[in-house]
Amino acid sequence: SSGINAEYGEHKQREIEQHSNINSTKHTTITNYYQLKMPFIFQTIENFRDLGETVGWNPHQRRWSKVGPSILFRSATLDQASEPEIKRLIDELDVKTIIDLRSEMEAKLQKQGAFVSFPATAVLKSKPTDVLDPKPEGSDMKVKHHEGENRHTVMINFAGKKFRKYAVWKSCPLSIKIKLAVYYIIGRKEEAVRMVGEQVINKKGLIGLYHDFIDYCDKEICQALTILADPRNYPILIHCTQGKDRTGLVTALALGAIGLDTESIIHDYALSQQGLSREHSQMVAEMAKDGLDPIFADAPPEIMRQALGYIHRKYGSINGYLNHIGLGPALREQIKKNISPHESSYPLVANTQPVEDLCNDSECNEAGHSHAKPIAPVIPINPLGTAAN
């Protein structure tokens, strides 16, 4: 059973048709999508959801709000995705771009599955603002666009060199550094990974990992969000291995960039607990092999709340952080136009909730961290989308 009555399904279809100009073609098969139990469940793709469904539909006002339908998706790895379900990504959802946030070692870049339909490309060396001022035909763009159906996978090693240097290597005591060097020299990488997990990442905890992501994965986060600024890339699917941490943070910042309220961002993040429920036991076992506690297999809402609180304390706001990493107001406005169709009729509010409301971290309070002065909860943004900050 669908769990959605016929009238509701017909209403949603009318809304979809009204927003169909966000892409070059209509999704003619999408009616069935909204008549299924939501979020949309694949059998071979875990933790999949449409952001337009989880945070975009306002049941009280009966309209789309910040995120339109069938524009931005997220999931866990596609490595085990069956051929029929890859075909569904193409035929039913018309996915054009996959953003893969894993390392090359994780992805293994096999010439099968999703990589056949979505050829892998690297992020080219160009400025994020190049998206706003496209070059003439034949010159480099941020993402290489393929001929034909124009479907591709963009590989971004989220935990890059800066993360490994400052979050991992510099966090290790000398004795651990010596052991890690020896393990790598003699080819015992699995033991090195476990040692890093036990001695570095586990001690920081899941929220500590998010803090490091925020501080040391700034370049990679900017790369991923810049892809969202190019309308040619849509619809887009973002994933990593579990689709929970790296994907969760990039998605949260994308939603924050368009002014979505904090509670909705946290709600979408926490859905990963249900989205990964079928794999949870296996994930806990895998985490244990890497020296990590079971909490690293979970998606507690409080983790995202604390992560957003950290951003507000250190960078002033989500927009402040995005400015810091190079994603300025013009790029944020372009992202808003891409994933918030007809947003001009829905006033956007800045994501500037009081820091105290975001941070309930007892350790933070005990450490005496000085919080920024609370900002007014809601600040209107003009129709052009230029925020006060």
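Let's start with helix α9, residues 189-216, and helix α14. Their axes come within 10 Å and cross at roughly 40°. Keep in mind that this is a predicted model. With that angle, α9 and α14 are oblique to each other. The crossing is right-handed.

Who touches whom? From α9 we have L206, I207, Y210, H211, I214 and D215. From α14, the partners are I303, M304, Q306, A307, Y310, I311, K314 and Y315. Sort the residues of this contact by class and you get 10 nonpolar, 2 polar and 2 charged.

Now stay with α14, but look at another neighbour. Helix α14 covers residues 301-315, and helix α15 covers 318-325. Their axes come within 8 Å, and the crossing angle is roughly 70°. Angles of 65 to 115 degrees count as roughly perpendicular, so that is the label for α14 and α15. The handedness here is left.

The contact residues in α14 are L308, I311, H312 and Y315. They meet I318, G320, Y321 and H324 in α15. By class, this contact holds 5 nonpolar and 3 polar residues, with no charged ones. Note I311 and Y315. Both are in the list for α15, and both are in the list for α9.

Third pair. Helix α10, residues 218-228, packs on helix α11, residues 246-257. The angle is about 55°, and the axes are 10 Å apart. That makes α10 and α11 oblique to each other. The crossing is right-handed.

What classes of residue make up this contact? On the α10 side, we find I221, A224, L225 and L228. On the α11 side, we find L249, V250, L253 and A254. The tally is 8 nonpolar, no polar and no charged.

Let me step back to the whole chain. There are 18 helices and 8 strands. The chain has 389 residues, and 54% of them count as buried. Now take contacts with a separation of 6 or more. Residues 24 or more positions apart account for 77% of those.

Two examples of residues that are apart in sequence. K96 and F118 are 22 residues apart along the chain, and their C-alpha atoms are separated by 7.9 Å. K96 sits in the loop between α4, residues 83-91, and β5, residues 97-100. Is K96 buried or exposed? Its relative accessibility is 15%. The cut-off for buried is under 20%, so K96 counts as buried.

The other example is E286 with A297. They are 11 residues apart in sequence, and 9.1 Å apart in space, C-alpha to C-alpha. E286 belongs to helix α13, residues 280-289. At 38% relative accessibility, E286 counts as partly exposed.

Next, backbone geometry. Some background first. Most residues other than glycine have a negative phi, and most peptide bonds are trans.

Start with S70. S70 is not a glycine, yet its phi is positive, about 60°. You'll find S70 in the loop between β3, residues 63-64, and β4, residues 72-75. Its relative accessible area is 2%, so S70 is buried.

Then D94. Again this is not a glycine, and again phi is positive, at about 55°. D94 lies in the loop between α4 and β5. That is also where K96 lies. D94 has 9% relative accessibility, so D94 counts as buried.

From Y234 to P235 the bond is cis, with omega near -5°. P235 is in the loop between α10 and β8, residues 236-239.

Last topic: cysteines. A disulfide is a covalent bond between the sulfur atoms of two cysteines. How many disulfides does the model have? The count is 0. The test asks for a pair of cysteine sulfur atoms within 2.5 Å. C222 has 5% relative accessibility, so C222 counts as buried. C240 has 2%, so C240 counts as buried too.

To recap the helix pairs. α14 is roughly perpendicular to α15 and oblique to α9. α10 is oblique to α11. That's what I have.

Notes: Residues are numbered from 1 along each chain as its sequence is written. This is a predicted model: local features need pLDDT of at least 70, side-chain atom pairs count only at pLDDT 80 or more; totals for chains, interfaces and linings use all residues. Side-chain values use heavy atoms; hydrogens and water are left out. Axes are lines fitted to C-alpha atoms, for helices over the stretch in contact, and angles run from 0 to 180 degrees between N-to-C directions. Helices (H or I, at least four residues) and strands (E, at least two) are DSSP runs, numbered from the N terminus. Angles under 35 degrees count as roughly parallel, over 145 as roughly antiparallel, 65 to 115 as roughly perpendicular and the rest as oblique. A crossing is left-handed if the near helix is turned anticlockwise from the far one by less than a right angle, and right-handed if clockwise. Contact means heavy atoms within 4.5 Å. Ala, Val, Leu, Ile, Met, Phe, Trp, Tyr, Cys and Pro count as nonpolar, Asp, Glu, Lys and Arg as charged, and the others, Gly among them, as polar. Buried means under 20% relative accessible area, exposed over 50%, partly exposed in between (1.4 Å probe, protein chains only).
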